[in-house]
Amino acid sequence: MSTAPPTTPDARQLRAVLVAVSVALMAVIASVSGLNVAQTHLAVEFGASLGTVLWVINSYTLTLAALLLPLGAIGDRLGRKPMLTAGLVIFGLANVAAALAPTAEVMIAARVVSGVGAAMIMPITLAVITSTFPEDQRGKAIGVWTGVAGGGGVLGMFLSALLVDVADWRWLFALPIALVVVALVLTVRSVPNSSERAAYPFDTVGALLSAVAVVGLIFVLQEGPERGWTAPETLTGLAAGVVAAIGFVAWELRRRDASLLDVRLFRERGLASGSVTLLVVFGVQAGIGVVLFPFFQAVLGWSGLVSTAAMMPMALMMMVASGLAARLATRVGPRATMATGVALAGLGLASMGLFVSVAGGYLSILPGLLAMGVGMGLSMTPSTEAITASLPRDSQGVASALNDITREFGTALGVALLGALLSAGYRSSIDGRLAGVPREAADVAREGVANAGSVTGPDAPRVLEAARESFVDGWQQAMWAGALVMVGLFAYVALRGPKSRVPEVEPVPVG
């Protein structure tokens, strides 16, 4: 039973609620990607290895992903406003601690606590929208939320890179702290509280199993490329994740109506197609980031700040299209809108695969980036709405968490797969271009396009040119693989996408 406010907020309060949850979400999203621009600074400041630096970054995302589902469900029970407020406070204090951290160990601990706060915030922001906005305005609000979730990472990375360039890497944390302060004030003033009276005890076993499954599987995707896919840590994480995932499904089927997540609902087209679409779209977006930054920096020779700015057109188009998607879905239906978005994203990938070149530079990929931005924006909003609409009103925190977990899995999967395809294509291509190059220089070049830039001597220009051309070959392989995945997703959405909602019509009296 819902304890939502008895009256619908007026238009002014609804705007304030939307701004509050969007700013809170932006703080969480910016912290996911922000530290990526400061990896070198972290290593120098703390005398840390690459593995330690990656743990500083990944400990946040692992904690966030592990706790999304349990904390989303707890927020439904305890009240969404108290959960959001507490999450903002914890998140803000943890970022202050991270900014002042004297050692890498303290930094990792602060990032873990920050992940806890983020897991309290992220699912509640969408649950607040679905439980507060009337149905005729909910789609537009979800579109804004989706735009922030999709484009906010690139915007946050750009602002973070700017702070690193003009100030110091510790100022990176000023951005999420400032956003938290604004969100906290707006939340206290404007966000109404809502909660659900639970008929069953909290599913503690399901919460633990879901956390282990998420951590295990995302750990494999994040660490596999670095540690090796057959390393003991990777295999252990895979085993733990798979066993916990199977156990979670079996347990939830046993609990049925008392479950943390009723897995039977995945039989519904909306929930299944929305989840698959978000998984693939966010995977492709994250994978694009992996191949774009080396292209900008190692091939075109741009700085980190300029490279991040070059991503902004895609992010801006994504945010604009996300806002328009709700209106389009109302006119032509969510399935057609999702399919159109997937098709545009696929065309963007194919365009970049066809036209990318060292000589063409940024202009050779810009049309593809713009098409991808529009396509992802059009597909994400109806997918998110399909997920939230498929779960009961008293489980909107869980619905939002499921939406967020799907994004996290997609991101990790896209980085791992497209990154691996890029690396494989680069290595297979560069060997044929290094004939006559001294073995030592050739071995350095085979490690990656960035490594090739460190080669000195008379062969350096030739090695660098070979590395750049080979990177483009690997890029094309990754883009065509992504486009092929999009073709499969288009067919799935066209056949199994969410059905249009048919409004109820009152019967007309006869006679």
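Because the model is predicted, local features are reported at pLDDT of at least 70 and side-chain atom pairs count only at pLDDT 80 or more, whereas totals for chains, interfaces and linings use all residues. Residues are numbered from 1 along each chain as its sequence is written, and side-chain values use heavy atoms, with hydrogens and water left out.

Eight salt bridges were found in a search of the whole structure; a salt bridge is a side-chain nitrogen of Lys or Arg within 4 Å of a carboxyl oxygen of Asp or Glu. One of them joins Glu45 to Arg170, with 3.2 Å between the closest N and O atoms. This pair links distant parts of the chain, 125 residues apart: Glu45 belongs to helix H2 (residues 39-46), and Arg170 to the loop between helix H6 (135-166) and helix H7 (174-190). Helices are DSSP runs (H or I, at least four residues) numbered from the N terminus. Glu45 is partly exposed, at 44% relative accessibility. Here buried means under 20% relative accessible area, exposed means over 50%, and partly exposed is in between, with a 1.4 Å probe and protein chains only.

A salt bridge also forms between Arg255 and Asp203, whose closest N and O atoms are 3.8 Å apart. Arg255 lies in helix H9 (residues 232-255) and Asp203 in the loop between H7 and helix H8 (204-227), so the pair ties together parts that are 52 residues apart in sequence. The two partners fall into separate accessibility classes: Arg255 is partly exposed at 24%, whereas Asp203 is buried at 3%.

In a further salt bridge, the side chains of Asp431 and Arg446 meet at 2.6 Å, N to O. Asp431 sits in the loop between helix H14 (396-430) and helix H15 (439-446), and Arg446 in helix H15, the two being 15 residues apart. Both are partly exposed, Asp431 with a relative accessible area of 41% and Arg446 with 32%. Through salt bridges that share partners, Asp431, Arg439, Asp443 and Arg446 are joined into one network.

The search of the whole structure also gave eight aromatic pairs. Rings of Phe, Tyr and Trp (its six-membered ring) pair if their centres lie within 6.5 Å; planes under 30 degrees apart count as stacked, over 60 as edge-to-face and the rest as tilted. Tyr60 and Phe91 form a tilted pair, at 6.4 Å centre to centre and 55 degrees between the planes. Since Tyr60 lies in helix H3 (residues 50-78) and Phe91 in helix H4 (residues 80-99), the pair ties together parts that are 31 residues apart in sequence. Tyr60 is buried at 0% relative accessibility, and Phe91 is buried with a relative accessible area of 0%. Elsewhere, one aromatic cluster consists of Phe295, Phe296, Trp302, Tyr362 and Trp475.

A nonpolar core is a set of buried Ala, Val, Leu, Ile, Met, Phe, Trp, Tyr and Cys residues joined through side-chain atoms within 4.5 Å. The largest such core has 126 residues, and those with the most contacts inside it are Phe295, Leu349, Met352, Ile365, Trp475 and Met486. Helix H10 (residues 269-299) supplies the largest share of this core, 14 residues. With neighbours within four places in sequence left aside, Met352 is in contact (heavy atoms within 4.5 Å) with residues including Ile288, Ile365, Trp475 and Met479. A second, separate core of 18 residues includes Ala38, Ala101, Trp169 and Phe173.

Arg111, in helix H5 (residues 104-132), is one of them, and its nearest side chain of opposite charge, Glu408, is 10 Å away. For such charges, Lys and Arg count as positive and Asp and Glu as negative, while His and the chain ends are not counted. A polar atom of the Arg111 side chain lies 3.4 Å from the backbone oxygen of Ser31. Beyond neighbours within four places in sequence, the contacts of Arg111 include Ser31, Leu35, Tyr60 and Phe173.

Arg269 lies in helix H10. Arg269 is likewise buried with no salt bridge, the nearest side chain of opposite charge being that of Glu268, 9.9 Å away. The Arg269 side chain reaches the backbone oxygen of Leu495 at 3.0 Å and that of Gly497 at 3.3 Å. Leaving aside neighbours within four places in sequence, Arg269 is in contact with Gly274, Arg335, Leu495, Arg496, Gly497 and Lys499.

Methods:
Polar contact = N/O pair within 3.5 Å; in protein donor to acceptor, adjacent residues only side chain to side chain.
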